[in-house]
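Please work through the exercises below with the sequence and the three-dimensional structure at hand.

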Amino acid sequence: MKKSIVILASVLSFVTSAQTKKSKQTPAFSTKDRTITIVTTADSTQLKLTTTGTATFRELRQPVERQTCVFVQPQHQFQSFMGIGGAITDASAEVFAQLPKEKQNEFLTAYFSKTNGIGYSIIRTNMNSCDFSSDSYTYIQEGDAALKTFDITHDKKYKLPLIKQAMGMIGNQATFYISPWSPPAFMKDNKDMLHGGKLLPEFRQSWANYYVKYINALEKEGLPIWGLSIQNEPMATQIWESCLFSAEEERDFLKYYLGPTLQKAGLSSKKIIAWDHNRDLMVQRATTILDDPEAAKYVWGIGFHWYETWSGGQPMFDNVKAVHELYPHKNLIFTEGCKEKFDAANYQLWRNGEIYGESMINDFNNGTVAWTDWNILLDQFGGPNHVKNFCFAPVHADLSTNQIIYTPAYYIIGHFSKFIEKKARRISSVASRSNLLTTSFLNPNGKMVTVVLNKSNQPVEYQLCIGTTAATIAIPARAIQTLMY
């Protein structure tokens with residue numbers, strides 16, 4: 001009995017010591033002596049990522065019902081933040097190449113500088129052509145299943161030079177991944193890169209080899225590849241490049257072909273993203289793939305888009321949460337979204353940017369670790385796009401005047417990407433009223449970043465509450481704020 005007591009006391013002493021060491025490593029967040037810097041962008045004003053003031057904390061032990069509050073709970077921490085970025089498509093690169101040098105420099109700074117821009121750190125690009133290409137193309141001669149003619153010369157004219165400049169500005173924080181829209185026509189049952197169709201069974205290995213060839217070719221160009229998605233929008237038959245995979249087909253292609261092929265080629269460190277389509281069917285896709293251990297072992301995470309509203313419904317944010325709850329050890333990454341149906345009259349339409357704020361806040365709060373916009377740059381017609389699927393981008397270039405046009409989406413994305421650092425931890429952050437949306441992150445340097453979106457047509461005074469302290473903040477109507485403290 002005496003020996004048991006001694007052992008128990010030793011265990012308790014060890015646990016207490018470990019807890020003490022842990023508390024020293026991660027001290028509790030305190031609002032004492034912290035000043036809040038307020039950065040604001042608002043509809044129909046000159047406020048565009050503008051520092052609009054400061055605030056300090058005071059004691060507030062119990063808010064009352066008439067007060068609008070944002071409650072931040074630093075002791076409740078969640079996923080680690082990876083970054084925010086966009087896609088460098090053929091279209092983006094072709095438009096960029098037509099700008100004069102000073103405008104190119106302005107554009108690169110605006111996106112990829114943390115100090116003078118919004119600090120993008122993620123880049124996605126298309127493997128083979130997509131709709132935002134000036135033409136359909138592959139990297140081989142038609143019929144070459146052995147890939148003996150594989151050559152990425154096409155990409156070297158516009159796309160790779162821009163990607164290299166962007167990656168150079170981002171530095172070692174860069175995350176670069178690739179996505180295919182369609183295999184070559186001869187590999188598909190419809191003999192067409194466009195209009196859906198499926199990968200023929202006899203070309204599954206050849207198509208898996210194609211990813212390896214492309215990754216190796218890009219890395220030979222000095223562009224380290226972080227990862228890849230298996231197939232862009234595998235359930236959409238489009239008038240542009242597209243290829244259909246059922247959930248079982250994507251699972252089996254990954255399990256029997258793509259995963260083992262990457263592994264055999266020494267590329268097992270590349271992160272594989274499954275699904276890469278809308279939130280609506282993501283739970284079914286995730287369960288089909290991730291409930292199979294032999295497929296799941298290759299999957300880094302589930303990618304998703306926001307176009308499920310094509311049916312007339314609302315964004316299915318809860319499906320992101322459901323996947324996170326089902327598979328908390330797999331990652332979630334937003335891989336594409338844009339405002340469709342381009343109209344130059346709506347460059348500055350606030351709602352086109354506000355949907356970014358809504359999506360980013362909800363997606364991050366539901367466990368997403370990274371967020372990738374679609375084209376980073378398009379021209380004054382919403383293109384080029386070889387099937388005339390013209391869309392908005394956060395930034396447009398009017399090539400007739402060489403003017404760069406920054407839309408509300410650019411500034412709203414910047415409220416996240418400019419201030420949240422890689423490896424920041426998401427923090428519990430909730431609003432007491434439905435007119436405000438909020439998310440918070442604790443940066444590695446100990447600074448908190450809280451983003452607040454006001455969707456209402458009225459200015460709102462709210463209390464930023466942490467523990468028994470609070471600060472009074474005013475946000476304009478139809479506005480977004482980043483609070484740093």
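Two exercises follow, each with a worked solution.

The model is predicted, so that local features need pLDDT of at least 70 and side-chain atom pairs count only at pLDDT 80 or more, while totals for chains, interfaces and linings use all residues. Residues are numbered from 1 along each chain as its sequence is written, and side-chain values use heavy atoms, with hydrogens and water left out.

**Exercise 1.** Describe the interface of domain 1 and domain 2.

*Solution.* Begin with the bounds, which come from an automatic or database domain assignment: domain 1 comprises 35-79 + 427-484, and domain 2 comprises 83-421. Next, take the centres over C-alpha atoms, which lie 32 Å apart. The contact (heavy atoms within 4.5 Å) draws 26 residues from domain 1 and 21 residues from domain 2. Then consider the buried area, the accessible area (1.4 Å probe) lost when two parts are put together, summed over both; here it is about 2100 Å², with 70% given by carbon and sulfur atoms. Of the area that domain 1 buries against domain 2, Leu49, Gln79 and Ile480 supply 25%, more than any other three residues. Finally, the rule for salt bridges (a side-chain nitrogen of Lys or Arg within 4 Å of a carboxyl oxygen of Asp or Glu) finds 2 across the interface.

**Exercise 2.** State which residues of Glu354 and Arg478 meet through their side chains, and at what N to O distance.

*Solution.* Inspect the two side chains: Glu354 and Arg478 form a salt bridge, with 3.2 Å from N to O.
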